[in-house]
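Here is a short briefing on one protein chain. Keep the sequence and the 3D view open as you read.

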Amino acid sequence: APYVPGDAPCPSTTYGRHKAEAEENVLRHGGLVVRMSFLPVPFEHARVFSGVLSNREWVEEAAARLLRYARIAAHRPTSLPPTAHLVSTRETDLADLVRGRYPDVPVIPVEEGSAQLPYRYPVDTRLSGAWEV
């Protein structure tokens, strides 16, 4: 199932553990945590995994969404939850999203690609409970 804002983080990498620790520190000091899921432009990875359910978006869309959220936070910060998922509600296969913009990026099944990594790549990377702004 998609990861919801109230779920406890369960990082599987050093990078993930550092992100979880940073979130704890922000919340402890009264700040807001905004989780996003976006892809860089240009897409710089050598390949993309298929079979990964995602609601990622391109960085330009994410930046516009974050700006709208920041404007709300500036005027009504107490109306916002401490942790929010600021993502698209559009769900797609990650490979379809990437190939829609970069058709020449090679696609490999997530099971095959994950076997080459030191951790298991998730087949569902969706964040739910999205804040639509």
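The points below go from the overall layout to single residues.

This is a predicted model, in which local features need pLDDT of at least 70, side-chain atom pairs count only at pLDDT 80 or more, and totals for chains, interfaces and linings use all residues. Residues are numbered from 1 along each chain as its sequence is written, and side-chain values use heavy atoms, with hydrogens and water left out.

**Overall layout**

- The protein chain has four helices and eight strands. These are DSSP runs numbered from the N terminus: helices are H or I with at least four residues, strands are E with at least two.
- From the N terminus, the order is α-β-β-β-β-β-α-β-β-α-β-α.
- The C-alpha atoms fill a box of roughly 45 × 30 × 25 Å, taken along the principal axes.
- Of the 133 residues in the chain, 32% are buried. Buried means under 20% relative accessible area, exposed means over 50%, and partly exposed lies in between (1.4 Å probe, protein chains only).
- Among contacts with a separation of 6 or more, 77% join residues 24 or more positions apart. A contact means heavy atoms within 4.5 Å.

**Nonpolar cores**

- A nonpolar core is a set of buried Ala, Val, Leu, Ile, Met, Phe, Trp, Tyr and Cys residues joined through side-chain atoms within 4.5 Å.
- The largest core has 14 residues, and Leu 39, Phe 43, Val 48, Leu 94 and Val 98 touch the most other members.
- β3 (48–50) and α3 (94–101) each supply at least two residues of this core. The largest share, four residues, comes from α3.
- Beyond its neighbours within four places in sequence, Val 48 is in contact with residues including Phe 43, Leu 94, Val 98 and Ile 108.
- A second, separate core has six residues, among them Tyr 69, Ala 73, Leu 80 and Leu 86.

**Helix α3**

- Which residues of α3 are buried? They are Leu 94, Ala 95, Leu 97 and Val 98.
- Seen down the axis of α3, the buried residues fall within an arc of 160°, so they line one face of the helix. The arc is that of the directions from the helix axis to the C-beta atoms.
- An α-helix has 3.6 residues a turn, so residues three or four places apart point the same way.
- On the other side of α3, Asp 96 and Gly 100 are exposed.
- The buried residues of α3 pack against β2, β3, β4 (53–54), β5 (57–58), β7 (92–93) and β8 (107–109).

**Largest pocket**

- On a 1 Å grid over the protein atoms alone, a pocket is an open set of points where a 1.4 Å probe fits, with protein on both sides within 12 Å along at least five of seven lines; lining residues have an atom within 4 Å of a point.
- The largest pocket has a volume of about 1600 Å³, the space filled by probe spheres set on the points, which are joined across faces, edges and corners.
- Of its 38 lining residues, Tyr 15, Lys 19, Arg 56, Pro 122 and Thr 125 are the closest to its centre.
- α1 gives the most to the lining, with five residues.

- Val 41 and Pro 42 are joined by a cis peptide bond, with omega about 0°. Pro 42 sits in the loop between β2 and β3.
- Arg 65 is in helix α2 (residues 59–75). Arg 65 counts as buried because its relative accessibility is 9%.
- Arg 65 and Leu 86 are 21 residues apart in sequence and 7.2 Å apart in space, C-alpha to C-alpha.
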